[in-house]
Amino acid sequence: ARLPFLQHLSVPIVEGHLPPIRIEPGEPSFVLQVVTPSGGIIKAPNAPALEPVTSQEPVIEDTSCGGVHYRALSVPRGQGFTLMLARPLTEVDETLRTLALMMVGVFAGGVALALGLGFAVTRTAAAPVARLSDAAERVTETGDLSLRIDEPGTDDEIGRLAARFNA
């Protein structure tokens, strides 16, 4: 097949196929395919055949092929041909899964820390009330009005109640 617009892109067609595209060794590869006016696909021999897109405007969309998630750019190039360039999103999906797990861990840790701090603050705030309650129970049981409780030295409700109790 002769595709004149590919000459502008400097993409050679070898035996009716496009070559695979690699940026550098170890870098993610891209899938390049051309959709013909009849809906046929010209691609590298081992490349996946992505679902062809027919649009009059450039379109970016997600697609999957062979269980691999791709983000594909489809650009109409005239004469009914569409050029599709897709990148596998495997690394991106793995990173997003890792971040989601980290977020769950941070959230669970934050909730546990909030519960622990809330328990500690509540216990500290309730300690003077517990001492006052214990002293009132001892006076009730023994009838000894000479018992005293430590006054917290504050002018809040608990401090005033402790002072009144001692009086």
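The following dialogue goes through selected features of a predicted model.

Visitor: How many helices and strands does the protein chain have, and in what order do the elements run?

Guide: The protein chain contains three helices and six strands. Read from the N terminus, the order of its elements is α-β-β-β-β-β-β-α-α.

Visitor: What share of the residues is buried, and what is the accessible surface of the protein chain?

Guide: Of the 167 residues in the protein chain, 23% are buried. The accessible surface comes to about 11600 Å², and 60% of that area belongs to carbon and sulfur atoms. As for contacts with a separation of 6 or more, 38% are accounted for by residues 24 or more positions apart.

Visitor: Which residues form the largest nonpolar core?

Guide: In soluble globular proteins, nonpolar side chains tend to be buried together. In this model the largest nonpolar core has 10 residues, namely Val-31, Val-35, Ala-44, Ala-47, Leu-50, Val-53, Tyr-70, Ala-72, Met-84 and Ala-86. Strands β2 (29-35), β5 (68-78) and β6 (81-88) are the elements that each give two or more residues to this core. A second, separate core has five residues, including Leu-32, Val-34, Phe-81 and Leu-83.

Visitor: With which residues is Ala-86 in contact, leaving aside its neighbours within four places in sequence?

Guide: With those neighbours set aside, Ala-86 is in contact with Ser-29, Phe-30, Val-31, Leu-50, Tyr-70, Arg-71 and Ala-72. Among these, Val-31, Leu-50, Tyr-70 and Ala-72 also belong to the largest nonpolar core.

Visitor: Is Ser-74 buried or exposed?

Guide: The cut-off for a buried residue is a relative accessible area under 20%. Ser-74 counts as buried because its relative accessibility is 2%. Ser-74 is located in strand β5. Not counting residues up to four places away in sequence, Ser-74 touches Val-53, Glu-57, Pro-58, Val-59, Thr-82, Leu-83 and Met-84.

Visitor: How many salt bridges are there, and which residues form them?

Guide: A salt bridge is counted when a side-chain nitrogen of Lys or Arg lies within 4 Å of a carboxyl oxygen of Asp or Glu. By this rule there are two. One joins Arg-71 and Asp-62, with the closest N and O atoms 2.6 Å apart. The other joins Glu-91 and Arg-87, with a corresponding separation of 3.9 Å.

Visitor: What is the accessibility of the residues in these pairs?

Guide: In the pair of Arg-71 and Asp-62, Arg-71 is partly exposed at a relative accessible area of 40%, and Asp-62 is partly exposed at 39%. In the pair of Glu-91 and Arg-87, Glu-91 is partly exposed at 45%, and Arg-87 is partly exposed at 23%.

Visitor: Which residues form a nonpolar patch on the surface?

Guide: Nonpolar side chains may also be grouped on the surface, and the patch here consists of Val-92, Leu-96, Leu-99 and Met-102. Together they have about 370 Å² of accessible area. Leu-99 lies in helix α2 (residues 90-142) and counts as partly exposed because its relative accessibility is 43%.

Visitor: Where is Asn-166, and which residues does it touch?

Guide: Asn-166 is in helix α3. Asn-166 is buried, with a relative accessible area of 10%. Not counting residues up to four places away in sequence, Asn-166 touches Leu-147, Arg-148, Ile-149 and Glu-151. The C-alpha atoms of Asn-166 and Leu-147 are separated by 7.7 Å, and these residues are 19 residues apart along the chain.

Visitor: Are Arg-164 and Ala-163 partly exposed or exposed?

Guide: The cut-off for an exposed residue is a relative accessible area over 50%. Arg-164, also placed in helix α3, counts as exposed because its relative accessibility is 70%. Ala-163, in helix α3 (residues 157-166), is partly exposed at 32%. The C-alpha atoms of Arg-164 and Glu-151 are separated by 10.0 Å, and those of Ala-163 and Gly-153 by 9.2 Å.

Note on methods:
Residues numbered from 1 in each chain as written. Predicted model: local features only at pLDDT ≥ 70, side-chain atom pairs only at ≥ 80, totals over all residues. Heavy atoms only, no water. Patch = residues over 30% accessible without salt bridge, like charges linked within 9 Å, V, L, I, M, F, W, Y side chains within 5 Å. Areas by Shrake-Rupley, 256 points an atom, 1.4 Å probe, with all protein chains shown as cover. Helix = DSSP H or I, 4+ residues; strand = E, 2+ residues; numbered from the N terminus. Buried < 20%, exposed > 50% of the residue type's maximum accessible area, 1.4 Å probe, protein only. Core = buried A, V, L, I, M, F, W, Y, C linked by side-chain atoms within 4.5 Å. Contact = heavy atoms within 4.5 Å.
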